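Trainee: Can we go through this model together? I'd like to start with the surface.
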Amino acid sequence: MRTTKTRHQFYLPDAMSVKLDQLAAKPGTSKTAILSDALTAWLDRQGAAEVETRFGPRFDRLSRAQDQTDQKVDVLMETLGLFVQHQLTLTAHQPSFDHGTRQLGLERYRQFIELVGRRVAKAGAETPKAIEKAKS
């Protein structure tokens with residue numbers, strides 16, 4: 001009959017050997033089962049510690065970056081909300097615009113959209129440089 005177990009021989013301190021004998025004296029337990037369970041638990045903890053050691057700093061850095069991004073988004077949302085509230089309060093009782101004022105507003109809006117487009121394009125052009133810099 002072939003077994004899937006390998007025999008190991010090792011020495012334990014006397015105090016630990018006595019404790020192992022006491023645990024194995026209970027019905028339904030054996031020294032092999034106790035040592036197998038203990039060794040499995042220890043190896044599993046070692047694997048978890050290795051993952052934490054290897055990826056922990058990276059996860060911490062990503063978490064801090066996410067927190068900073070969340071803070072910036074919160075500030076932007078609050079600013080946008082206050083701006084909208086201000087604009088609605090300011091323009092609540094104004095008369096309708098004449099043709100010249102409307103055209104000036106449209107021209108300023110187009111300039112604003114062009115400025116946003118240039119900045120987004122500039123940020124997109126800088127992204128590959130940042131990636132190359134991070135690689136080196």
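**A walk through the model**

Mentor: V73, M77, L80, F83, V84 and L88 make up a nonpolar patch on the surface, and their accessible area together is about 590 Å². Patches take residues with over 30% relative accessible area and no salt bridge, joining like charges within 9 Å and nonpolar side chains (Val, Leu, Ile, Met, Phe, Trp, Tyr) within 5 Å. Accessible areas come from the Shrake-Rupley method with a 1.4 Å probe, and for residues only the protein chains shown count as cover.

Trainee: What kind of model is this, and how are residues numbered?

Mentor: This is a predicted model, where local features need pLDDT of at least 70 and side-chain atom pairs pLDDT 80 or more, while totals for chains, interfaces and linings use all residues. Residues are numbered from 1 along each chain as its sequence is written, and side-chain values use heavy atoms, with hydrogens and water left out.

Trainee: How many helices and strands does the chain have?

Mentor: There are 3 helices and 0 strands. The order from the N terminus is α-α-α. Both types are DSSP runs numbered from the N terminus: helices are H or I with at least four residues, strands are E with at least two.

Trainee: And how much of the chain is buried?

Mentor: Buried residues are 2% of the 136 residues. The chain exposes about 13,100 Å², and carbon and sulfur atoms supply 60% of that.

Trainee: New topic. How many salt bridges are there?

Mentor: The count is 1 salt bridge. That term needs a side-chain nitrogen of Lys or Arg within 4 Å of a carboxyl oxygen of Asp or Glu. K31 pairs with D21, and their closest N and O atoms are 2.7 Å apart. The pair links distant parts of the chain: K31 is in helix α2 (residues 31-90) and D21 in helix α1 (residues 14-24).

Trainee: How far apart are D21 and K31, C-alpha to C-alpha?

Mentor: They are 7.4 Å apart in space and 10 residues apart in sequence.

Trainee: What about pockets? What volume has the largest one?

Mentor: About 500 Å³. Of its 15 lining residues, H8, F10, K31, T32 and L35 are the closest to its centre.

Trainee: Which element gives the largest share of the lining?

Mentor: Helix α2, with 6 residues.

Methods
Buried < 20%, exposed > 50% of the residue type's maximum accessible area, 1.4 Å probe, protein only. 1 Å grid on protein atoms, 1.4 Å probe; cavity = no way out; pocket = protein on both sides within 12 Å on 5 of 7 lines; lining within 4 Å. Points joined across faces, edges and corners; volume = space filled by probe spheres on them.
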